[in-house]
Amino acid sequence: MKAISGIKPTGRITLGNYLGSLKHFKEYQNKYTPYIFVADIHALTLPIDPNEIRERTYDLLSYYLASGLDINKTVLFKQSDILEVGQLNSIIINFIYMGELSRMTQFKQKSALLNQEAIGVGLFTYPVLMAADLYLYDCDVCPVGEDQVQHVELAREIERRFNKRYQTNILKTPKAIVSKTGSRIKSLSDPTKKMSKSDDEHSKGVIYMDDDLNVVRKKIMSAVTDMDSKVFYDPINKPGISNLMEIYACLKNISIEQVDDLFKQCARYGDFKKEVADCLISEMQVLQERFKYYRNNKKYLDEIFEKNAGIARKSAQTILNKVEKVVGLK
Ligand code: AMP
């Protein structure tokens, strides 16, 4: 059994990325062969400095390794090394309608922030390229944050149309797996909104995994909460406290019910926040040290990309070859 997932090398990695995806990847290593990639082509969907992509690509691979991914169990690769993804994208793009793409929540949110005359076609068709990523490695599951589930469903629709038209079962969409905790981490300054890389860099609402640990403590301690003082899970009426509980549950690998039990006697939000901050800081300290170790060894990182491009391409070529035959390109 295989699993697939990726993260874009844009901006600094947030606590949302970490708890929603990175932290869970290593759990998959024991049950699946994970194919985890740096989604560098996806990074081009919004204007970005070339050096930013280059540097963030190494950052991301270092985070993958720092979070415990083992190169003997996981195929860590760079999306753009797999040339087949572009070709498959060009083929399957004919199996989806513009109306369907324009209804994607992420597209609506991202394009709303742009000049309406300058919305890139790549931003619009992003879920198609993602579908190509999902098909090429014959994977069974894809661990993602909740924001990506709609895109996986779209891939399933493309799969259904394609396989029906050609009476085949070549395209296979992995099942989206959203972890029970951590899949929807909210901003600390506005807990009704997703914590996002694209927020203002200086926002107090976003924790970056490379933040100074004193800054992390300040951000947690000043997280927006309600006027009550009881710690219990109620995302509608207590979004700030519920978000901190979710962060804690995910860090400790326990359920929200267990966090509820642990803190129901807690009389002050300050005490609860301090617990969350301590727990987060101790995990981040280890991650940051491990990250530095890998990030300073570019040669090793290049070797990993080179070796794994070969492994991932082998699978990609097999699938693409079948697709090209069935549609008449071969
Ligand atoms: P991206 O940075 O858009 O490439 O996202 C990489 C992964 O992080 C995806 O699986 C997202 O679903 C996940 N992710 C991003 N932001 C959050 C968040 N605030 N909470 C949980 N998961 C997130």
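Is Lys299 buried or exposed? Lys299 is exposed, with a relative accessible area of 61%, where buried means under 20% relative accessible area, exposed over 50% and partly exposed in between, computed with a 1.4 Å probe on protein chains only. The model is a predicted one, in which local features need pLDDT of at least 70 and side-chain atom pairs count only at pLDDT 80 or more, while totals for chains, interfaces and linings use all residues. Residues are numbered from 1 along each chain as its sequence is written, and side-chain values use heavy atoms, with hydrogens and water left out.

**Salt bridges**

A salt bridge is taken here as a side-chain nitrogen of Lys or Arg within 4 Å of a carboxyl oxygen of Asp or Glu, and by this rule the count comes to 24. Three of these pairs are listed below.

| Pair | N to O distance | Relative accessible area |
|---|---|---|
| Asp140 and Lys172 | 3.4 Å | Asp140 25%; Lys172 30% |
| Lys238 and Asp228 | 2.9 Å | Lys238 3%; Asp228 35% |
| Glu303 and Lys299 | 3.5 Å | Glu303 41%; Lys299 61% |

The elements named in what follows are DSSP runs numbered from the N terminus, helices being H or I of at least four residues and strands E of at least two. In the salt bridge between Asp140 and Lys172, distant parts of the chain are linked, since Asp140 belongs to the loop between helix 6 and strand 4 (141-143) and Lys172 to the loop between helix 7 (149-165) and strand 5 (175-177), 32 residues apart. The side chains of Lys238 and Asp228 also meet in a salt bridge. Both Lys238 and Asp228 lie in the loop between helix 8 (213-221) and helix 9 (239-252), so the pair ties together parts that are ten residues apart in sequence. Within this pair, Lys238 is buried, whereas Asp228 is partly exposed. Glu303 and Lys299 are separated by about one helical turn, because they are four residues apart in helix 12 (residues 298-327). Beyond these pairs, a network of salt bridges links Glu52, Glu55, Arg56, Asp59 and Arg295.

Strand 2 (residues 33-38) and strand 3 (residues 75-78) run parallel and are joined by four bridges, two strands being counted as paired if DSSP finds at least two bridges between them. From strand 2 the chain passes through helix 2 (residues 50-66) to strand 3 in a right-handed β-α-β crossover, meaning that, with the strands pointing away from the viewer, the path from the first strand over the helix to the second runs clockwise. Tyr35 has Val75 in strand 3 as its bridge partner.

**Cavity and pocket**

Rolling a probe the size of a water molecule over the atoms shows where empty space is left. On a 1 Å grid over the protein atoms alone, a cavity is a set of points where a 1.4 Å probe fits but cannot get out, whereas a pocket is an open set with protein on both sides within 12 Å along at least five of seven lines, and lining residues have an atom within 4 Å of a point. Grid points are joined across faces, edges and corners, and a volume is the space filled by probe spheres set on the points.

The search of the whole structure finds one cavity of 30 Å³ or more. The largest cavity has a volume of about 80 Å³, and its lining includes Lys8, Gln106, Phe107, Tyr126 and His151. Helix 5 (105-112) and helix 6 (121-135) are the elements that give two or more residues to this lining, with helix 6 giving the most, four residues. The lining of the largest cavity has six nonpolar, three polar and two charged residues, where Ala, Val, Leu, Ile, Met, Phe, Trp, Tyr, Cys and Pro count as nonpolar, Asp, Glu, Lys and Arg as charged, and the others, Gly among them, as polar.

The second largest pocket holds about 250 Å³ of space. It is lined by 13 residues, of which Arg184, Lys186, Tyr233, Pro235 and Glu246 are the closest to its centre. This lining divides into four nonpolar, four polar and five charged residues.

**Backbone angles**

Most residues other than glycine have a negative phi. Asp138, although not a glycine, has a positive phi of about 55 degrees; Asp138 is placed in the loop between helix 6 and strand 4 and is partly exposed at 37%. Asn253, likewise not a glycine, has a positive phi of about 65 degrees; Asn253 lies in the loop between helix 9 and helix 10 (256-263) and is exposed at 59%.
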